[in-house]
Structure formats: structure tokens, C-alpha cells
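Work through the exercises below with the sequence and the structure at hand. Each task is followed by a solution in steps.

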Amino acid sequence: MKKIHWESVLMPLVGIALTLLAWQMISGRTVTRSLADGTVEEVRLGWVQDLPGPVQTWEKTRKYVVEPFAKREELDQGILRFTWYSLVIVAKGYAIALILGTPMGFLLGLSATFSKMFDPIIQVLRPVSPLAWMPLGVVLFANAGKSANELAALFTIAVCAMWPTVLNTAVGVRAIPQDYLNVARVLKLSRTQTLFRIMIPATLPYMFTGYRLSLGIAWLVIVAVEMLTGRIGIGNFLWNEYNNGLYTSIVLCIVTIGLVGFSLDRAMSLLERRFKGIL
Amino acid sequence: MSFLVLDRVSKGFGPPEARREVLRGVDLSVEQGEIVAIVGYSGAGKSTLLHLVSGLLGPDTGSVRLDGRTIEGPGPDRGVVFQNYSLLPWLTVAENIRLAVDSVFPGWTEAQRAEQVDRHIHLVNLTPARDRRPGELSGGMRQRVSVARALAMDPRILLLDEPLGALDALTRGTLQDEISRICRASGKTVVLITNDPDEGILMADRIIPLSAGPGATLGPSFPVVLDPTRDRRALNHDPRFKALRAEVVAWLMGPGARPAVSVSRKLILPDLEPEDLEIPRSLIGGRRRPRRRSEERRETVDLNP
């Protein structure tokens, strides 16, 4: 059993506490005051008047948190239920990204010609924002009827999240030591055998680095996609609450999106480290 | 006719205008069951010579024949033990050997293959480590796995490419004895590449020096006339051992030495000023090194003065 350093647990907690404190101090608070004519007026005071503080956020949004899977109405559901909707669509789009991206990376890594042909295009498409892909996706799948929104969302997630997988896989394939390939040649392994028994295992650590980065991007994209398409999910919830002027919910959504993204990244990096450990 | 024949073999690398000839007019014949050591300078082309036999490289001129047939490409009839082990790190010891057995003996039953794997792991005394991965083994153990893998393919000839080059002196000594014993017990034809004349004398029946490159060629062959047990402690005082070593070294230092040449090369000196990131870099592929022409210098070095 590895010894747990108390500092590695305590220090993040101290950091969280300090951040909450600073947040509370700069955020605004609602004060009721009685006017001379007997009416009561509510005003916001504080440094950043419209920013809800942590206490206020907790009070206003606790119904979403304490019943995270509740479904009261279409637009009034527990926060984890919204998150779940988003995760499902992210998983689908991410799967498409990996299924397309991995072979594409292998082709780029294996063939210098292919790489010279398509590398510039990839470099141009890679930095395009999801906000730019989304309308194209909507147009492309406009005739798909009921599932048009879903297809547009999947298209956007896949096309944005694919690139780290493509590029890392390509780098990994190019980095396969010549020694391993010599072994394959001496053993007279067939092309398929060389691919599955030598090349894919040797590339796995790079592929998983790509997969981790792709997952991060897929999760980033989902919020934008839901805002634009109106699909039910955490990004859509955030947008609705903004339109309703409920700023506490926005804060809750930001925290949730961050925590989920962090957990996904951690889970992937555990997987990644397992494969790195072998090589 | 000999078992393995290299006939006027030449091999060079690089584009036609800047070709570097590594081997020139190499003749070699090895009899069946013989253990031949090829000793030479680092970078002389010893590994190139071995790769010509393994088929990983093809000769530019001349021919390489095994048992009368010209070698066209790599194949499992020539077991190679690579310099840096070349074990697949994601497979265990047994799986590494199993991969070779599976691809060489597709017609065998499961039991036959498992037996072949186990027998060869036992042969190199690694039975306790059979389920460990190469990363968990010492250099000497890895090289033993590599030898076991090559032998498990039941090759007609065993090619050892500086098998002990990366090991410390003591491990090297033990492993020399062990590999020597295994090779002799197997009765296989062996070509051993080494940069250590002592190692060659200790392990081989015949030792052939390779002259320094470029355009390296093989020298005369020196038969090793020592008792086959070759106890290394006794050997150090054996006059025949000393005489043989002196002869081989004398050839390598004399006729086989590198001719005095001067080489002119381009140097890129480090820049003390920070790099200008505005300078565009090569768009496609290309090396990501900014052009700094001002730092290029030419330098002429005399080799072997």
C-alpha cells in the first residue's frame, strides 16, 4: 500500500476553501430595505453585484443537487439527469470520432504519401471551432426529420474530437521501433498479423493519449452543441437558466461540467498509464 | 560447397551522389555446424553483414547463399538474436517465444507448441521468469529470452548480432559461457558478430576480422585451436590463446585499420540569442529547425592521424 501524503489531500482542500472564501467576498448579496413610504425593496450589494455567492448558489440550486436524478418537468430535472443526457450523446459522438480517427491515424502514420497529401488539410480543419461546424451539421442533416438535431450534434462532436486521436495515432505509428518490425519480418508475420500483434500494441500508449485528449474536446463541444440545437442536456439547461435570469443555476452548471470533465480525464489517464506502464 | 556462402558482396547506403559504401567485396564461407565469429571495429559494417545474411537487407552486388539457395528476404530458417534484444515489451517471456513458435510452426498442435516454448525457456534457465515481461528482466535475462526465441524457431543457422554488447563485463562473461554452451549443444551453424576479440576466441571455432570501413572487407580466417571446454580462468594463461588474440588484434590494427582520411562536415553551433519564433517553419512534415545560416561552420577532422 502506498503511503498517502497528507499534504496531497489537505492542500487541495485548503485551496478549495480559499477559493470559496474569495468567491463569497467578491459576490453580491441581496438586501431588503424598507423605504420611507413603507414599501419594501430588494437591492443587490457587493463588489460584483450579479455574481451569486457560494451560499446563495447552494440555497437556490439545492433542489437540482439533492435529487440529482429527479424529473419534474422537461426543463426541470436533477443536475445529474441532465448530465447523463449529455454524456450519452458525448459517448456516441466520441465513439464515432475514435472509429474514424484511429484508422485515419494509422494510414497517416504508415504512408508518407498519404501523410503529405492530407496533413495540411487536417491542420486546417483541426482548429475550427465547434460553433462553426454546428450550423453545417444542421444543414447536412436537415432532412433527417426527428433525429436531425441528434445527427447534427454527433457530427459536430465527432468532427471536433477526432483530431487528437488522428494525430497521436499517426505519431505513435511512426514511432514504432524498427526492431519490432524487423522481428515481424524475421518471423514472416503476415500483414494482418504484423498489424494486430506488433503495430497496434506498440501504438496503444500513443492512441490512448489521443483518446484522452479527444474525450476532453468532446465534452467541451457538448455544451456549445446543446445551446445551439436545444437538445436536452446540461448545456441546454445552462442556456435556459441564463434566459430565465437564474444565474445561480449557471454557476451550478459550470461546476458540474468542470467536475465531470475532470473525472473523465482522470479515468482516461488511468487507462493511459496502464498502457504506458507496459511499454 | 559450404553451407553459407557470401560471394563478392558489396553494400552501400545513401543516395547515388553521396553513397557510402559499407562493405566491399566480402567473401565468406561457413560450414554446417561451425561457429564463426566476425570481429571488427564499431561502425565497420558488422551488423550490415549480418543483416545481409538474415535477409533484412539485400546486397548491392554479389550474392548470399544458404545451402545453395540465394537469400531473397528474411525468414525463420535464419534465427536472429538482435543487438538490443528486440523483445516485444507487451508480451511475457513465454508469449514472446510463443509468437515465434506460432508463426513458424502453424501446423503444430497446441500441446506441441506449448512444449516447444517451455523447453526453450528451460534451456536458457528462465523457467521462473516465464510469465514476466521484458521490462521486469535484467539485460542478461532479456538476451537469454532473445536466444531462446531464435532457437525455438528451429532455424538452420543462428545469427548473433553483438548479443552481449549492452551488458556489463561480469554478466557478459557468464553469458558468453552460457550461450556458447547452448549453441554447441544445439549443433547449429552460428555466425557471431562481436567487437571483442576475446569473446570471439572464447565462443567460436573460427574468428574472422572485418577491416574498418568505409568499404570494409573480411580478413584472413583464424582457426581457434583450443580445448572445447575453454575454462576462462585457464584460458587467460594459455599461450595459444594469447598468440591468437595477438594475431587477430595485429591484423585489425595493421592491414585492417582505417586508412588516414580527413572528413569535412557541416556543424551547427548553438545560438546564444533566443530563437525567433516568427520565422516560418516547414509546413509539411519537415524538420522543425529554424534556419540559422549564420551558425553553420565547416570543420575538417583528421581521422586516424
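## Exercise 1: the sheet of chain B

Solution. 

Step 1. The model is a predicted one.

Step 2. The pairing of strand 1 of chain B with strand 2 of chain B is antiparallel and runs over seven bridges. B:Val9 has B:Val26 in strand 2 of chain B as its bridge partner.

Step 3. Strand 1 (residues 4–13) of chain B is also joined to strand 4 (residues 61–66) of chain B, by five bridges and in the antiparallel sense. Here B:Asp7 is opposite B:Ser63 of strand 4 of chain B, and B:Leu4 is opposite B:Leu66 of strand 4 of chain B.

Step 4. Two bridges pair strand 4 of chain B with strand 5 of chain B, again antiparallel. B:Leu66 is opposite B:Arg69 of strand 5 of chain B. These two strands form a hairpin with two residues between them, and B:Asp67 in the turn has a positive phi of about 55 degrees.

Step 5. Put together, the four strands of chain B make an open sheet in the order 2-1-4-5, with antiparallel pairing. Strand 2 (20–30) and strand 5 (69–70) of chain B each have a single partner strand, so they stand at the edges and one side of each has no neighbour in the sheet.

## Exercise 2: two helices of chain B

Task: state how helix 2 of chain B and helix 3 of chain B pack, and which residues meet.

Solution. 

Step 1. Two numbers are needed, because packed helices are described by the angle between their axes and the distance between the axes.

Step 2. For helix 2 (residues 93–104) and helix 3 (residues 110–123) of chain B, the angle is about 130 degrees and the axes are 9 Å apart.

Step 3. Angles of 65 to 115 degrees count as roughly perpendicular and those over 145 as roughly antiparallel. Helix 2 of chain B and helix 3 of chain B are therefore oblique to each other. Their crossing is right-handed.

Step 4. From helix 2 of chain B come B:Val93, B:Ala94, B:Ile97, B:Arg98, B:Val101 and B:Asp102; from helix 3 of chain B come B:Arg113, B:Gln116, B:Val117, B:His120 and B:Ile121. By class, the contact has six nonpolar, two polar and three charged residues.

## Exercise 3: helix pairs of chain A

Task: describe the packing of helix 5 of chain A with helix 8 of chain A, and of helix 3 of chain A with helix 9 of chain A.

Solution. 

Step 1. Helix 5 (residues 130–140) of chain A packs on helix 8 of chain A at an angle of about 45 degrees, and the axes are 10 Å apart. The two helices are therefore oblique to each other, and their crossing is right-handed.

Step 2. Helix 5 of chain A brings A:Pro130, A:Leu131 and A:Met134 to the contact, while helix 8 of chain A brings A:Val221, A:Ala224, A:Val225 and A:Leu228. Seven residues of this contact are nonpolar, with no polar and no charged ones.

Step 3. Helix 3 (residues 79–110) and helix 9 (residues 234–243) of chain A pack at about 130 degrees, with their axes 7 Å apart. Helix 3 of chain A is therefore oblique to helix 9 of chain A.

Step 4. A:Phe82, A:Thr83 and A:Ser86 of helix 3 of chain A make this contact with A:Ile234, A:Gly235 and A:Phe237 of helix 9 of chain A. The contact has three nonpolar, three polar and no charged residues.

How values were computed. Residues are numbered from 1 along each chain as its sequence is written. Chains are lettered from A and ligands numbered from 1 in the order in which they are written. This is a predicted model: local features need pLDDT of at least 70, side-chain atom pairs count only at pLDDT 80 or more; totals for chains, interfaces and linings use all residues. Axes are lines fitted to C-alpha atoms, for helices over the stretch in contact, and angles run from 0 to 180 degrees between N-to-C directions. Angles under 35 degrees count as roughly parallel, over 145 as roughly antiparallel, 65 to 115 as roughly perpendicular and the rest as oblique. A crossing is left-handed if the near helix is turned anticlockwise from the far one by less than a right angle, and right-handed if clockwise. Two residues are in contact if their C-beta atoms, placed from the backbone, lie within 7 Å. Ala, Val, Leu, Ile, Met, Phe, Trp, Tyr, Cys and Pro count as nonpolar, Asp, Glu, Lys and Arg as charged, and the others, Gly among them, as polar. Two strands pair if DSSP finds at least two bridges between them.
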